[in-house]
Amino acid sequence: MRIALACATLLATACGTEYTPGGNGGTPDGGGSGVDAGVAPDAPAPPEGYTRLVEGSWSLPAGSTDVYRCARLTVPTDTYVTNIQAVAPLGTHHTVLSISDGGTAGADGEYGCDVSELGMVMLYASGVGTSPLDFPAGVGIKIPAGTQIHLNLHLFNASDMPWTGTSGIDVKAQPTAPAQLAEMVFAGSRGIILLSNNTTTNVTGGCTENKSYSLFAVWPHMHQLGTYMRVTQKRNTTTTVLHDGVFDFGEQSYYLKDPIVQVQSGDVLRVTCSYLNNTGNIVTFGESSNSEMCFAGLYRYPAAGSGLFDCVSTQPLTP
């Protein structure tokens, strides 16, 4: 695996072969890789207007499930990101881009890691088939000069063929600050226990907010047993639905809110995830494709330096 800052600076034009925006990582349990087995391809060029922020090239032997690779990179200049998308060829289960902290900081470069190695200030996350994220006009995420960013790649190959690929993050960025700085946090629950009874189970998590903010995007994230997600905001006796839709593991899109949602301190956020467990086994919370999650990623401003799991409960809550 390798990391790169495209053509020496974030705002330079990257070089390489053509890349299709919003590439779908594919399901983790079948299909071809689109590349020759055993050959790690050169990093594809970002689409027009984008720059490669960080990337990693990898090879997965047949049957290599739940492999993690991480990369650190120090950004040389103040950078304000306004658009983000994942480079996610088949074999990429998810990407998590964060700011390095005491648990992840170290020398720039790539290394083998595990699921727990994440900075607690989130910049971006993607799953299989995640769509590009375009921030509203005048909104962006700041990466200060000298900041070390951290990329965690979850790689998954349950096929009987070796796969190779290059995964990473492409961005549109500017050198001057937008009017509003944003952040991403998770809302949801870690309290997941799905019995092997082939029936639908609902899990609800969330929090009572202690701050006010503007919410402009929601990213539903579950794994292969997830079927539906509903996200609500309750203020006094009024409930507003922020997201309500079928979940597709192969198409994990960001949903922009228009108009932008105003959340006030004291509002109650609830994330309800529905699952159908037809595996014959009990399934609990975990990072593996064979475990489950119940998270709604929330992009909001102004940035408050909140931790990644700012609105996540450890036990199921009342919807």
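Is Cys-113 buried or exposed? Cys-113 counts as buried, because its relative accessibility is 14% and the cut-off for buried is under 20%. This is a predicted model. It holds three disulfides. Counting bonded cysteines along the chain, the pairing pattern is 1-2, 3-6, 4-5. A disulfide is a covalent bond between the sulfur atoms of two cysteines.

**Cys-70 and Cys-113**

- The sulfur atoms of Cys-70 and Cys-113 lie 2.1 Å apart, and the two residues form a disulfide.
- This pair links distant parts of the chain, 43 residues apart.
- Cys-70 sits in strand E2, residues 64–74.
- Cys-113 sits in the loop between strand E5 (109–112) and strand E6 (121–126).
- The link of Cys-70 and Cys-113 is right-handed, with 80° about the S-S bond.
- Cys-70 has 0% relative accessibility, so Cys-70 counts as buried.

**Cys-207 and Cys-311**

- Cys-207 and Cys-311 form a disulfide, with 2.0 Å between their sulfur atoms.
- Cys-207 belongs to strand E14 (residues 200–208) and Cys-311 to strand E22 (residues 311–313), so the bond ties together parts 104 residues apart in sequence.
- The link of Cys-207 and Cys-311 is left-handed, at -100° about the S-S bond.
- Cys-207 counts as buried because its relative accessibility is 14%.
- Cys-311 is buried too, with a relative accessible area of 0%.

**Cys-273 and Cys-294**

- A disulfide joins Cys-273 to Cys-294, with an S to S distance of 2.0 Å.
- Cys-273 is in strand E19, residues 268–276.
- Cys-294 is in strand E21, residues 294–301.
- Cys-273 is buried, at a relative accessible area of 0%.
- Cys-294 is buried, also with a relative accessible area of 0%.

**Reading the pairing pattern**

- The 1-2 part of the pattern is the disulfide of Cys-70 and Cys-113.
- The 3-6 part is the disulfide of Cys-207 and Cys-311.
- The 4-5 part is the disulfide that joins Cys-273 to Cys-294.

Note on methods
Residues are numbered from 1 along each chain as its sequence is written. This is a predicted model: local features need pLDDT of at least 70, side-chain atom pairs count only at pLDDT 80 or more; totals for chains, interfaces and linings use all residues. Side-chain values use heavy atoms; hydrogens and water are left out. A disulfide is a pair of cysteine sulfur atoms within 2.5 Å. Helices (H or I, at least four residues) and strands (E, at least two) are DSSP runs, numbered from the N terminus. Buried means under 20% relative accessible area, exposed over 50%, partly exposed in between (1.4 Å probe, protein chains only).
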